[in-house]
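Hi,

Here's the structure I said I'd pass along.

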Amino acid sequence: MSNLTSSQTVGPFFKFALNRESWNDLTAGGAPGERIRIVGRVVDGDGAGVPDAMLEIWQADASGSYTPSSDFRGFGRANTDDDGRFEFHTVRPGAVAGPGPGLVQAPHIALTVFARGLLHHLITRVYFGDRADDNARDPVLTSIADPAARASLIAPREPPSGAAASGEPPVFRFDVILQGERETAFFDV
Amino acid sequence: MTTLTDAIERPRPGEQPGNDFPAYTSTHKRAPKRPALAIAHTLTEATGPAFGLDSPAPSTADLTRHGAGEALGQRIIVAGRVLEGDGRPVGNTLLELWQANAAGRYVHEADQHDAPLDPNFLGAGHTLTDSDGNFRFLTILPGAYPWRNSYNAWRPAHIHFSVFGRSVAARLVTQMYFPGDPLLALDPIYNSIPDRDARERLISRYDPELSEAEYALGYRFDIVLRGRNATPLGL
């Protein structure tokens with residue numbers, strides 16, 4: 001064990017330094033794969049939108065590889081708006097190997113949440129609602145005993161709207177509920 | 001069935017703050033009430049983004065010359081190394097920092113503190129560590145500022161740091177403090193870290209070797225991130 005540096009809250013005043021406009025779009029490099037949008041809202045224990053949260057995602061590319069390439073970095077960052085809403089444009093990740101020989105994880109995206117009031121950032125995962133069979137076999141999801149906690153990690157696919165019908169990428173909704181009855185499951189990694 | 005394997009070293013008890021810390025008022029509606037679920041480290045946690053010199057570009061390690069003139073305040077050099085727990089340097093990792101100006105005011109629309117903004121000081125910078133993990137910023141000593149956590153509460157002077165490291169599990173956002181600050185003993189954010197030694201490691205050290213004669217004071221701050229364990233199993 002060594003002497004690690006401790007976490008402190010990101011605080012309320014970071015947007016002017018950490019907001020990088022294009023970082024919520026992972027598709028700019030022209031990566032192959034199915035284009036998708038992840039949309040959601042960060043809400044507090046009163047159900048109010050959290051206007052000062054920052055979210056970061058890390059994901060495999062469409063083939064399930066985490067090795068960065070010139071067309072896909074796998075990393076994104078978004079800030080919430082005044083109503084707590086955020087959005088990422090990316091490609092659907094492939095299934096990822098492990099943990100351990102012979103195991104495969106369902107396609108998922110690691111999501112990290114920073115905000116005033118969080119002394120340590122929160123870590124969770126976004127799984128895809130239209131991949132029920134993969135999700136049912138996922139070693140992380142199946143290790144969670146509480147069905148509500150498990151369900152909080154699965155982003156439902158929004159019903160197609162007029163725009164979706166005309167070839168817009170599918171939209172998955174993932175709300176981050178910091179506290180309360182429908183609290184999102186967070187991980188100690 | 002999976003077994004809990006620690007591909008990435010874990011913090012020792014008391015080294016990291018928990019989110020349930022009522023003395024910090026903003027936790028009341030935002031800290032999760034359920035304990036975080038321990039999961040095995042998989043490739044997802046044991047890998048992380050890489051940054052190049054192209055993004056974000058360009059490096060802004062001198063915060064004193066953002067505007068047409070020089071920023072007001074005490075010039076300081078903040079330098080250190082980013083390391084993993086075993087002492088291995090973390091080279092080419094992205095370090096972002098941000099801070100209030102010398103008067104204790106942020107360039108942020110929501111900061112309503114009645115203290116002057118400095119047109120020559122933005123208070124934001126970033127750089128990549130060199131191949132040996134070194135970084136160096138030239139900036140201004142930030143001022144303390146009041147906040148509404150409790151009556152007449154003041155944050156000790158601090159600089160925020162965001163560091164990536166080699167894996168998602170190593171990701172760190174923290175705050176660096178200054179030696180001898182009487183506000184530290186009263187600050188709930190600083191005191192949210194249970195372990196006293198761990199708290200004190202967030203206080204930078206005045207380093208006369210780093211100071212530049214007749215120009216700037218030097219403060220040293222090393223950042224130690226979670227590294228890979230020697231034999232990561234099960235990935």
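Before anything else, keep in mind that this is a predicted model.

I started with strand pairing around β2(B). Strand β2 of chain B covers residues 75–84 and runs parallel to strand β12 of chain B (residues 223–225), with 3 bridges joining them. In that pairing, B:E84 sits opposite B:L225.

β2(B) also has a parallel pairing with strand β11 of chain B, residues 217–220, this time over 4 bridges. With strand β5 of chain B (residues 134–140), β2(B) runs antiparallel, and 7 bridges hold that pairing. B:I76 turns up in both of these: its bridge partner in β11(B) is B:L217, and in β5(B) its partner is B:T139.

Next, the interface. On the chain B side, 64 residues are in contact with 58 residues of chain A. The chain B elements that give two or more residues to that side are β1 (37–38), α1 (43–46), β3 (94–99), β8 (158–163), β9 (172–177) and β12. The largest share comes from β9(B), with 4 residues. By residue class, the chain B side splits into 32 nonpolar, 19 polar and 13 charged.

There's strand pairing across the two chains as well: strand β12 of chain A (residues 187–188) pairs with β1(B) in the parallel sense, over 2 bridges. A:F187 has B:L37 as its bridge partner there.

That's what I have so far.

Cheers

Technical notes: Residues are numbered from 1 along each chain as its sequence is written. Chains are lettered from A and ligands numbered from 1 in the order in which they are written. This is a predicted model: local features need pLDDT of at least 70, side-chain atom pairs count only at pLDDT 80 or more; totals for chains, interfaces and linings use all residues. Two strands pair if DSSP finds at least two bridges between them. Two residues are in contact if their C-beta atoms, placed from the backbone, lie within 7 Å. Ala, Val, Leu, Ile, Met, Phe, Trp, Tyr, Cys and Pro count as nonpolar, Asp, Glu, Lys and Arg as charged, and the others, Gly among them, as polar.
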